[in-house]
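Keep the viewer open as you read.

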Amino acid sequence: MTDFDPTIPPTATPEVEFISLSHLNPSTELDPVPSRGIDLKYFRRYVRSLEEGGFDYTLLPYGAGSADSFVVASAVGQLTERIKPIVALRPNTTPPSVAAQKLATLDQLTEGRAVVHLISGGSDAEQARQGDYLPKHKRYARTSEYIDVMRRSWTEPAAFSHQGEFYKFDDFGPGFAPYESPIPISIGGQSDEAFAVGGAKADIFSFWGEPLADLRSEIDRVNGIARDAGRTTLPRIWVTFRPIIAQTDELAWRKAKDYVERIARPALQGTPQNVGSQRALAFANKSELYDRALWTRTAAVTNAAGASTALVGSPETVAAAILDYVDQGASLVSIRGYDTLADAVDYGRYVLPLVREEIAHRKATGRRGRLQAEHLGNYRPEYAQFASTP
Ligand SMILES: Cc1cc2nc3c(=O)[nH]c(=O)nc-3n(C[C@H](O)[C@H](O)[C@H](O)COP(=O)(O)O)c2cc1C
């Protein structure tokens, strides 16, 4: 490529950290194994592989029928030295002062590694399973109050009382303190209410993978809300993908097409209630392929239930695509494959080092390296052919 522009875009973040969700047993969407349990040997190997591969965080997801994310996070802390457990937490499950106490305990047990990801609830039916009957806008209002109480519980040096719309208590505290500083709070959700609460209060705002231009305008939206709320520190941006990699772009496409046959769940139909999934399906309806390597077919065949948009290509193409998102302002990139453990190992070996090398190059020279210029993915004609061949 001759017209390589080494200027680092003004929206680029200087740092990137990697997240991957932890799996508790070998069941995957490709090869589902009917098990509701934890395979301890497997789980141990999984989290250690993430740590050895250079991941910075691991998300412990939460659902009404899942393992408890706090207990799992505590185990991650004890099985690893460095990786930070992110506890997915639904406010309906635990009062905020108790959540603050549990998170502070985790933070002390891990010497400052705890992070919390607040899930306000994307489905009324799922919320009802645990007795939460609030409509979504009220659930987000509750999350907003929840954040205030948690932060106060971590910092208030004396006992305090609280009377809000959702919580009331007397003389709580001083609460059990985090290891050194308040625990980072992330918000998941894409509805207007999620933006309002996350923009005003979250340390981290998270997305599922979207086309670059759409993500950029969503980031502007979060930042606008944060500035209007008087914040000088803007939320960090987290974006999630399901990469499908192989030695070459062509081989990755063969794998990707095999995967969609295997993960397709025709029974999952209807419009999901959460806006994140609605957006993923709308992108999938408009086009299968966006930008350098974003593929939406994986979302289409699973009704976008959970993070499902893919990045497809060689490690170089996928690393370049991740850097495209860093250039738009994402400083936290979550990647989890469909072949979960093998992919975590491969990402650690082949993708993370390429992204980190480019970031180090930028830091050292003030200029972009050549990775994005040399691994064009969908910006060259052959790639679209691989993608469209049946
Ligand atoms: C990165 C990320 C991780 C998420 N993890 C979970 C999870 O563990 N459990 C869950 O129920 N929802 C999870 N969600 C889903 C949303 O938080 C949920 O859909 C939201 O509460 C309401 O959606 P809405 O505001 O988009 O309508 C996650 C979302 C994102 C972006």
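With 390 residues, a compact globule would have a radius of gyration near 21 Å, and the protein agrees, at 21 Å. That radius is taken over C-alpha atoms, and the globule rule is 2.2 Å times the number of residues to the power 0.38. Along the principal axes, the C-alpha atoms fill a box of roughly 65 × 50 × 40 Å.

The model is predicted: local features need pLDDT of at least 70, side-chain atom pairs count only at pLDDT 80 or more, and totals for chains, interfaces and linings use all residues. Residue numbers start from 1 along each chain as its sequence is written.

The secondary structure comes to 14 helices and 14 strands. These are DSSP runs, numbered from the N terminus: helices are H or I with at least four residues, strands are E with at least two. UniProt, in an unreviewed entry, places the feature "domain: Luciferase-like" at residues 34–331. Its positions follow the numbering used here, feature names are shortened, and annotations may be inferred rather than shown by experiment. The span is 45% helix and 16% strand, and its end C-alpha atoms lie 36 Å apart.

Next, a helix pair. Helix α2 (residues 69–79) packs with α3 (residues 96–109) at about 10°, axes 9 Å apart. Axes are lines fitted to C-alpha atoms over the stretch in contact, and angles run from 0 to 180 degrees between N-to-C directions. The two helices are therefore roughly parallel, a label for angles under 35 degrees. Phe70, Ala73, Ser74 and Gly77 of α2 meet Lys102, Leu106 and Leu109 of α3. Contact requires C-beta atoms, placed from the backbone, within 7 Å.

Finally, the backbone. The peptide bond from Gly173 to Pro174 is cis, with omega near 0°. Pro174 sits in the loop between β6 (168–172) and β7 (185–188). Asn303 is not a glycine, yet has a positive phi of about 55°.

Conventions
Parallel < 35°, antiparallel > 145°, perpendicular 65-115°, else oblique. Contact = placed C-beta atoms within 7 Å.
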